[in-house]
Amino acid sequence: CRPGSVMIQLRDRELGIRDRLRIGEQLARITDTHRQVLCVNDRADLALVLGARALHLGESSPPALRVREHFGSRFYLTRAAHDPKLCDASGADAILLSPICSPRKGAPELGFAALKQASELAGIPLFALGGVNALNGRACLESGATGIAAIGAWLACESLMPLISALRVARAA
């Protein structure tokens, strides 16, 4: 993929810090080698140690504005949202809205209309998450998403090429 077009997120909340650090070091090498972005979920300390360029904040994380007070523009900040009406910038650089295409943790799928509404409110890049795959990824972009976030699509497939092709992401030469 085009350099800088993929963000790999270190997200496992159940792993101990040593295991997260070990995996994070591997991800840092991979993202550096392929000129992509490493993001750490919720742990600014770990993001600093790993040299991550991005930090993802969950809905229960400190507000992005408070994180900015401590770290300035050191990190590209993403924020989770599960309600299209709550997709305002609030100091973040981007928002990940979910679940868009399939229900998750008892929450119904939000759908493309909600994605369009959220993209109009956000004022910053908005990424669609939740059930996004090669069949519906392009529709997410057409509904106002800047990009997509894929967890299940990545875990459930042998190749991400169908999803990448559906999104028309240019491959690196």
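Which residue forms a salt bridge with Arg68? In this predicted model, the partner is Asp93, and the closest N and O atoms of the two residues are 2.4 Å apart. Arg68 belongs to helix H3 (residues 64–71), whereas Asp93 sits in the loop between strand E4 (76–81) and strand E5 (94–97), so the pair ties together parts that are 25 residues apart in sequence. Asp93, with a relative accessible area of 25%, is partly exposed.

Side chains of opposite charge can pair when their charged atoms come close. The count of salt bridges in the model comes to four. One of them joins the side chains of Arg22 and Asp19, with an N to O distance of 3.6 Å. Both Arg22 and Asp19 are part of helix H1 (residues 17–33), where they stand three residues apart, or about one turn of the helix. Arg22 is partly exposed at 42% relative accessibility, and Asp19 is likewise classed as partly exposed, its relative accessible area being 34%.

A further salt bridge links the side chains of Arg43 and Asp45, with 2.7 Å from N to O. The relative accessibility of Arg43 is 26%, so this residue counts as partly exposed. Asp45 has a relative accessibility of 40% and is also counted as partly exposed.

Notes
Residues numbered from 1 in each chain as written. Predicted model: local features only at pLDDT ≥ 70, side-chain atom pairs only at ≥ 80, totals over all residues. Heavy atoms only, no water. Helix = DSSP H or I, 4+ residues; strand = E, 2+ residues; numbered from the N terminus. Buried < 20%, exposed > 50% of the residue type's maximum accessible area, 1.4 Å probe, protein only.
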